[in-house]
Amino acid sequence: MEYGRLGTTGLKVSRICLGMMSYGEPDKWGGWVLDEERAEPIVRKAADGGVTFFDTADVYSAGASEEITGSLLRKIFPRRDDYVLATKVYFPVGSGKNDWGLSRKHIMSAIDASLTRLGTDYVDLYQIHRWDDETPIEETMEALHDVVRSGKARYIGASSMWAWQFAKAQHTAELHGWTRFVSMQDHYNLLHREEEREMIPLCLDQGVGLIPWSPLARGLLARAGAPSDTVRQVGDGARQQHLYGGYGDEAVLGRVAETAAERGVPAAAVALAWLLHRPGVVAPIIGATKEHHVDDALTAVGLELSEKEIAYLEEPYQTRPQQF
């Protein structure tokens with residue numbers, strides 16, 4: 001495993017982050033979600049491979065993902081300082097009028113609830129899951145600053161939004177002397193590269209680390225265009241069609257498969273290795289419901305792609321509307 005700094009901070013994280021959305025309660029999230037017993041060997045395999053960075057959110061399985069994440073990490077790691085734990089706030093977990101968004105009231109309640117479910121005194125990275133149009137950004141950034149100052153989070157990060165919104169948030173924090181975001185969890189993979197237009201250049205300029213979500217395009221890149229009837233694909237078909245299926249996708253998938261065959265590695269390893277070569281990318285967030293998914297990700301860390309291979313993989317891409 002290789003390790004890198006998260007943006008310009010001193011925080012060291014593994015170059016692969018294990019996304020914990022896949023673990024929780026199937027009845028609350030989806031039939032592809034694994035309970036704690038089935039998740040444990042996968043998380044242990046990742047930890048044995050050197051993965052120290054784990055990402056979840058309060059909304060995943062309505063809080064059950066955080067509970068399982070905390071339980072497993074306490075079992076696997078001897079010390080809390082041995083791993084980096086990230087969670088997120090914004091989407092509703094309860095049914096109350098203030099059980100969602102980025103108001104001060106919700107953020108303060110949500111961090112306490114997350115810490116209780118995770119069974120820890122602090123998270124290393126507390127992220128806003130989306131932008132809240134109904135709350136002034138000053139209110140959100142001051143509340144997040146207070147979360148950090150209280151010791152309940154070490155750093156703060158953000159997830160998908162427009163670049164102008166992220167710039168506004170960072171400027172607001174700087175103007176008031178509040179804590180700034182150190183990471184951006186954006187939608188970025190070989191089938192969706194729209195973040196290269198504005199968000200990624202902004203993050204590179206500001207020293208913000210990139211931890212992309214859906215680095216394998218919901219498994220499309222791992223299957224390299226082969227037909228599949230996985231539980232998640234069947235249950236998530238509409239969402240997948242909304243995000244992918246644009247012009248050029250089949251050509252990209254074909255080149256991923258071709259490159260993988262030439263290298264003798266899984267297609268997933270090629271797609272992840274491409275991301276790991278991209279400027280600013282610290283750690284793609286992978287989902288793993290089988291142990292070989294972890295193996296593929298670990299293979300990617302040591303896979304050096306040539307400039308020619310990178311250009312070959314990128315060349316068929318065609319732009320499409322930004323999708324969060």
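**Notes for a first look at this predicted model**

1. Strand E3 (residues 17-19) pairs with E10 in the parallel sense, and three bridges link the two. For a spot to look at, Gly19 stands opposite Gly287 in E10. Please keep in mind as you read that this is a predicted model.

2. Now for the sheet as a whole. It is an open sheet of eight strands with parallel pairing, and the order is E9-E8-E7-E6-E5-E4-E3-E10. Which are the edge strands? They are strand E9 (209-210) and strand E10 (285-287), each of which pairs on one side only.

3. Within that order you will also find E4 beside E5. Strand E4 (residues 53-55) and E5 run parallel and are joined by three bridges. Here Asp55 stands opposite Ala86 in E5.

4. Helix H13 (residues 307-314) has the buried residues Glu309, Ile310, Leu313 and Glu314. Why do they share a side of H13? They cover an arc of only 130 degrees around the axis, and that puts them on the same side of the helix.

5. Staying with H13, the face turned away from the buried side carries the exposed residues Glu307 and Lys308. What covers the buried residues of H13? The cover includes helix H10 (249-263) and helix H11 (267-276).

6. Next come the aromatic rings. A search of the whole structure finds seven aromatic pairs. One of them is Tyr90 with Trp100: the ring centres are 5.9 Å apart and the planes stand at 90 degrees, so the pair is edge-to-face. Tyr90 and Trp100 both lie in the loop between strand E5 (84-89) and helix H3 (104-118), so their pairing ties together parts that are 10 residues apart in sequence.

7. Are the two residues of that pair buried or partly exposed? Tyr90 counts as buried, because its relative accessibility is 13%, while Trp100, at 30%, counts as partly exposed.

8. Phe54, Phe77 and Tyr83 form one aromatic cluster. At Tyr122, Arg80 lies over the face of the ring, at 4.2 Å from the ring centre. Arg154 also lies over the face of Tyr122, at 3.6 Å from the ring centre.

9. Finally, the cysteines. A disulfide is a covalent bond between the sulfur atoms of two cysteines. How many disulfides are there here? The count comes to zero. For Cys17, the closest cysteine sulfur is in Cys203, 16 Å away, and that is too far for a bond. The sulfur of Cys203 likewise has its closest cysteine sulfur in Cys17 at 16 Å, too far for a bond. Cys17 counts as buried, at 0% relative accessibility, and Cys203 is buried with a relative accessible area of 0%.

Key. Residues are numbered from 1 along each chain as its sequence is written. This is a predicted model: local features need pLDDT of at least 70, side-chain atom pairs count only at pLDDT 80 or more; totals for chains, interfaces and linings use all residues. Side-chain values use heavy atoms; hydrogens and water are left out. Buried means under 20% relative accessible area, exposed over 50%, partly exposed in between (1.4 Å probe, protein chains only). Helices (H or I, at least four residues) and strands (E, at least two) are DSSP runs, numbered from the N terminus. The arc is that of the directions from the helix axis to the C-beta atoms. Contact means heavy atoms within 4.5 Å. Rings of Phe, Tyr and Trp (its six-membered ring) pair if their centres lie within 6.5 Å; planes under 30 degrees apart count as stacked, over 60 as edge-to-face and the rest as tilted. A charge sits over a ring if NZ of Lys or CZ of Arg is within 6 Å of the ring centre and within 35 degrees of the ring normal. A disulfide is a pair of cysteine sulfur atoms within 2.5 Å. Two strands pair if DSSP finds at least two bridges between them.
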